[in-house]
Amino acid sequence: MSKYYITTPIYYVNDVPHIGHAYTTIAADVLARYHRLKGEKVFFLTGTDEHGQKIADAAAKAGKKPKDFVDGLIPSFKDAWKLLNISYDHFIRTTDDHHQKAVLEIIKLCEKNGDIYLGEYEGLYCKGCERYYLERDLVDGKCPMHLTAPIHMKEESYFFKLGKYQDKLLEFYKANPGFLSPSYRAEEIINRVKEDLKDLSVSRTNLSWGIPFPVGTGHVTYVWFDALTNYISGIGWPQDMKKFNQLWPADCHLIAKDISWFHEVIWPAMLMSAGIELPKKVFVHGFLTVEGQKMSKSLGNFITPQELVGRFGVDPTRYFLLSYIPFGQDGDFSEAQLVTRVNGEIADAYGNLLSRVATLVEKNFQGQWPASGKFTELENDIEKAANELESQVDKSLAGLEFNKALEQILGFLRAVNKYMTETQPWKITDKDRLGTVLYTVLEGLRVGTNYLAPFIPATTENAAKQLGQKISLEHAKFDRDTKGVVKKGEVLQKKLEAKKQDSPFAKLNLRVAHVVTAAPHPDADKLLVLKINLGNEERTLCAGLKAFYKPEELVGKHIVVVSNLKPAKLRGIVSQGMLLAADKNGVVKVLEAPGAEPGAPVTLPGVKPNTQEITIDDVMAIKLTTRMKKTVFDGQQLVTPTGDVVVDIEDGATIR
Ligand code: MSP
């Protein structure tokens, strides 16, 4: 029996998961399910990355011990994966005992091979990435991923002789062209390796939250050396070599482009040093973006899987994420597209077809699958198209072209729809001919259901039940003697409705801003001038708050601003946006979003922020108010990705 070992990155547990994490995990799940349905021995590993500076900082911020902090977040990952029907075989945590032992073991092997030495490191470190950057890799002095300035660090450190593996890595890439996938991303890595491969600092002394480095004393293992090892510790290395040998090398490490260097350069070099075989493939996919920006915890613009599933359901979410965006490329998340595709494809082309044929089979054949009878050219065409799916989908999924595979499956289902429209079974009086037509549609649906099963498992389970069949891809061909009982059941996919964007609120683009400085306006009695940080940009605002706040009271607050307001000059100073404050009986208080990151969107559930510029009249026309120290529009509460917008004022205040 052939095996298939697939992994996702292990996600940082500094916060709850968002649909960017779900994207990779769903893709891995589709592959795992596909190979399982083909009868292969599959192992699907996911988990969490729990050590390092970033987690230590997040725990400190939450006032918790790191282990308690991460323990508290694990359910949010496991629940999200359960909600999304993710069929992983093992969930690894880097705080697991067996993993920690494996990390010590791999470092010892590297050391034995002469690849670990003591030195000193000085450089610019980004905590978000948990890595050092060279000056030239920064954009405007900031980390290109997190748009924050790295910190200067200097420390004694153990190093891994990464540089030693330059030629070996280049030889390996050449001999294994499938390793760096997709191929159009390979060149960038190859060029960087050719250019310069510096030794890697693999221990820290100024951090205690990690696995003690097994060489010397007082050092903690670099979080990436720790994390990458999960791919082998998660399948038993080194204590259960039987299991390990059955599954290793990994068939595919699935990641996004933010971490390709670690997986395509550092990880293979570590394995070479430890004398372990290399994985077969690292597949790098693009980013899911929201309004053109990478969705991320640090940028605060993320959507949680719970939000999407709550609004649209599990299978529509799974289906949409993989059908809409070509997997290797970046793509913007769009609710309108989700609704259109799910309605046209799952509800109509698939669900409606099943419902129509089931009605006819129940009516004319008491629910029994009719005999296939005599095929004409029309039936032969459907049979042929069904039988072509196997090689088409195999090829698409081998290249992780999920959207292409779905186009092929949908293309086939559309052909079956067309066949039904053309043959008009509801008008056929000859029972044998009617049987043949209904059989062909049923068998087409059976084949289509099997191929859709990895993508939309619950919906296809429902369909298979109605068709009286079991899902499998071990035998994927169109048969002429399938038997079973059709029993019409619950609609496969209800039509989804897009949230209306015609609410006046939809004109706004509200964002959380961190007040950096505040000072009186030099030429206006009532105004304060604020410098604010919106995550990826700084702006100046003028606000009529002088009578209500001392400037220093505002500094450090996370306020809410209308970020798409046309800039206006107020007594010589250009105000780029407007902050929101509530006003009741002469008391004025600014709106606050204490837990949210600068730049995070402030929205009403389901209403997308507007990207067009608006005028002050537009803003004045929107009636926001307060209720129980929260802010509301039309009875609905304003939210950030991490919580509510609050204001310490009586109910019914006017907000502007
Ligand atoms: N802990 C490391 C990985 C260690 S693996 C040995 C890490 N964690 S992470 O939580 O930041 O997750 C990064 C991964 O999450 C990306 O490589 C990608 O798989 C997924 N994604 C996170 N944000 C994403 C998008 N906006 N879009 C697509 N994938 C996203 O890095």
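In which loop does Pro182 lie?

A: The model is a predicted one. Pro182 belongs to the loop that runs between strand S7 (180-181) and helix H6 (186-195). The peptide bond joining Ser181 and Pro182 is cis, with omega at about -10°. Most peptide bonds are trans, and most residues other than glycine have a negative phi.

Pro249 is placed in the loop between helix H9 (241-247) and strand S11 (252-256). Leu400, which is not a glycine, takes a positive phi of about 55°; Leu400 is found in the loop between helix H14 (377-398) and helix H15 (402-423).

As for the domains, the assignment gives domain 1 as 3-294, domain 2 as 335-467 and domain 3 as 504-655. Between the C-alpha centres of domain 1 and domain 2 the distance is 42 Å. Twelve residues from domain 1 and 15 residues from domain 2 take part in the contact.

Next, the sheets. Four strands form an open sheet in the order S5-S4-S6-S8, paired antiparallel. Its edges are strand S5 (131-133) and strand S8 (200-201); each has a single partner strand, so one side of each has no neighbour in the sheet. Strand S6 (residues 151-160) pairs with S8 in the antiparallel sense over two bridges, and Phe160 stands opposite Leu200 in S8.

Another open sheet has six strands, ordered S24-S23-S31-S26-S27-S28, again with antiparallel pairing. Here strand S24 (587-590) and strand S28 (636-637) are at the edges with a single partner strand each, so one side of each is left without a neighbour in the sheet. Within this sheet, four bridges pair strand S26 (residues 624-627) with strand S27 (residues 630-633) in the antiparallel sense. Leu624 is set opposite Phe633 in S27.

Strands S16, S17 and S18 can be followed in turn. Strand S16 (residues 510-520) runs antiparallel to strand S17 (residues 528-533), and six bridges join them; Pro520 stands opposite Leu528 in S17. S17 is in turn joined by six bridges to strand S18 (residues 538-543), also antiparallel. The bridge partner of Val529 in S18 is Cys542. The hairpin of S17 and S18 has four residues between the strands, and Gly535 there takes a positive phi near 90°.

At His21, a polar side-chain atom lies 3.4 Å from an oxygen atom of the ligand. The ligand taken alone exposes 670 Å², and the protein buries 95% of that.

Key. Residues are numbered from 1 along each chain as its sequence is written. This is a predicted model: local features need pLDDT of at least 70, side-chain atom pairs count only at pLDDT 80 or more; totals for chains, interfaces and linings use all residues. Side-chain values use heavy atoms; hydrogens and water are left out. Two strands pair if DSSP finds at least two bridges between them. A polar contact is a pair of N or O atoms within 3.5 Å; within protein, one must be able to donate a hydrogen and the other to accept it, and residues adjacent in sequence count only if both atoms are side-chain atoms. Accessible areas come from the Shrake-Rupley method with a 1.4 Å probe; for residues, only the protein chains shown count as cover. Domain bounds come from an automatic or database domain assignment. Contact means heavy atoms within 4.5 Å.
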